[in-house]
Amino acid sequence: MAAIATVLVASACSSSGSSSETKQATLSKDGKGKKITVWLMDDAQKGWPEVLDAAKKEFTAQTGAEVDVQWQTWTNYTTKLDTALLSGNAPDALELGNTQAAKYIEAGSFVDLTSVKGQFDNSDKWLDSLAASGQSGDGSKTYAVPYYAGARVLIYRKDLFEAAGVAQAPTTLEELKAALTKVKAANASVPGFSALYLPGKNWYSAVSFGASGFGVKGVIAKKDGDKWAGTLSDPKFVEGINTWNDLQKNFSTGGTTVDESTQDALMAKGNIAAIIGNGWEVGSVVDPKTGDPSLKDKLATIALPGTAAGQPTPAFLGGSDLAVPAKAANAGLGATFLQIYTNTAQQTALAKHAIPNAKNLVAAYKAADPANKATGDAAEGQTWFIPNSPLWSGADETALQNAFSAIAGGGDVAAELKKAQETLVKDLNG
């Protein structure tokens, strides 16, 4: 996969592969007698088949074309996609993870949707970081359409908070600190107790605190002309990380050198009162095989509080985008299918199952299930995304993990962030 990815990115530097010369989008309804191919992850097949069926029916009614959906899985998906794009056997429309989009955008692999973006429902209200993942590095062009999202939230033990005298969920960071102080004191006799477990290598959570002064743009690094400039050493970012570090030092135990991969299982053991995790992690904590089912009615979720009530700490949004390959046989029809599949009606229906792609539709998601409020609030608020560059890699994530682990272990905040920034900027600028 790495070799193919290198070819894709390298092609972006050639005259034929530059994203600046990418095929411009059209929305075609001339589909009589045609069939388009669409690659979608099987999440839709399992979770919202009725939404897809409605979109296919509307698409055929408008264009006369049929839709052949070919179900995919995330395992080895980019290898399959790389091969299809390079061989000229690409589908007419496809889904991909929002962190995967940058390398394909840079390589000119997708149709430029900028000119037709305004014809997509709610495109002016798309979720911040999901929209950013489908854009060029400077945010001036759109190559992929937001599909659906997932957000990290505060997952906490209601019973432990209430037993410590915290009857209401905190709405600000100051209230959170006060609540955690009470929970910590009430459980002082519990070995290794963490009122809020913040493993040092969980860089997603740490960066969220630094992102409070940046939002979706300029977090970690920002495009400055043709070059990337780091923002980890910015005083506002450092201030946010100091807040994270204070929480880590005062309320977290034993996790300075590990990441978040084991936090659900650890919480299930009973000596953790709160974690920052994806909404679905509640299910992991109470899983009969790996967790503790008895905690099911004792867990609650809220958007991670921020400096002011109603303004959560910015969350990283994971999720999926939809795009049209530049070499698709029916690119215009592919774009039209995406337009229909992401219209207000389909996204409102999808909101019964996942966070929809636009802020004005999140209310439908929250109304579908009281448990959706926390992730919905997080998605509606300010969110952030990684530097949208094909040169962003696992090595950069490792640099961030090492920096925050060192900080959690007592290292100097500004010095460790500056060290990580030097590595990241060097990587991003090739």
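Reader: Which residues touch the most other members of the largest nonpolar core?
Author: Of its 56 residues, Trp-203, Ile-220, Trp-384 and Phe-404 touch the most other members, where a nonpolar core is a set of buried Ala, Val, Leu, Ile, Met, Phe, Trp, Tyr and Cys residues joined through side-chain atoms within 4.5 Å, and buried means under 20% relative accessible area with a 1.4 Å probe, protein chains only. The largest share of this core, six residues, comes from α10. This is a predicted model, in which local features need pLDDT of at least 70 and side-chain atom pairs count only at pLDDT 80 or more, while totals for chains, interfaces and linings use all residues. Residues are numbered from 1 along each chain as its sequence is written, and side-chain values use heavy atoms, leaving out hydrogens and water.

Reader: And what is Trp-203 in contact with, apart from neighbours within four places in sequence?
Author: Its partners include Ile-220, Trp-384, Trp-392 and Phe-404, as well as Glu-397 and Gln-401, with contact meaning heavy atoms within 4.5 Å.

Reader: Switching to α16, how many of its eight residues are buried?
Author: Six of the eight residues in this helix (residues 373–380) are buried, so α16 is largely enclosed by the rest of the structure. Helices here are DSSP runs (H or I, at least four residues), as are strands (E, at least two), numbered from the N terminus.

Reader: Which ones are they, and what covers them?
Author: The buried residues are Ala-374, Thr-375, Gly-376, Asp-377, Ala-378 and Ala-379, and their cover includes β4 (144–157), β9 (315–323) and α15 (362–368).

Technical notes. Buried means under 20% relative accessible area, exposed over 50%, partly exposed in between (1.4 Å probe, protein chains only).
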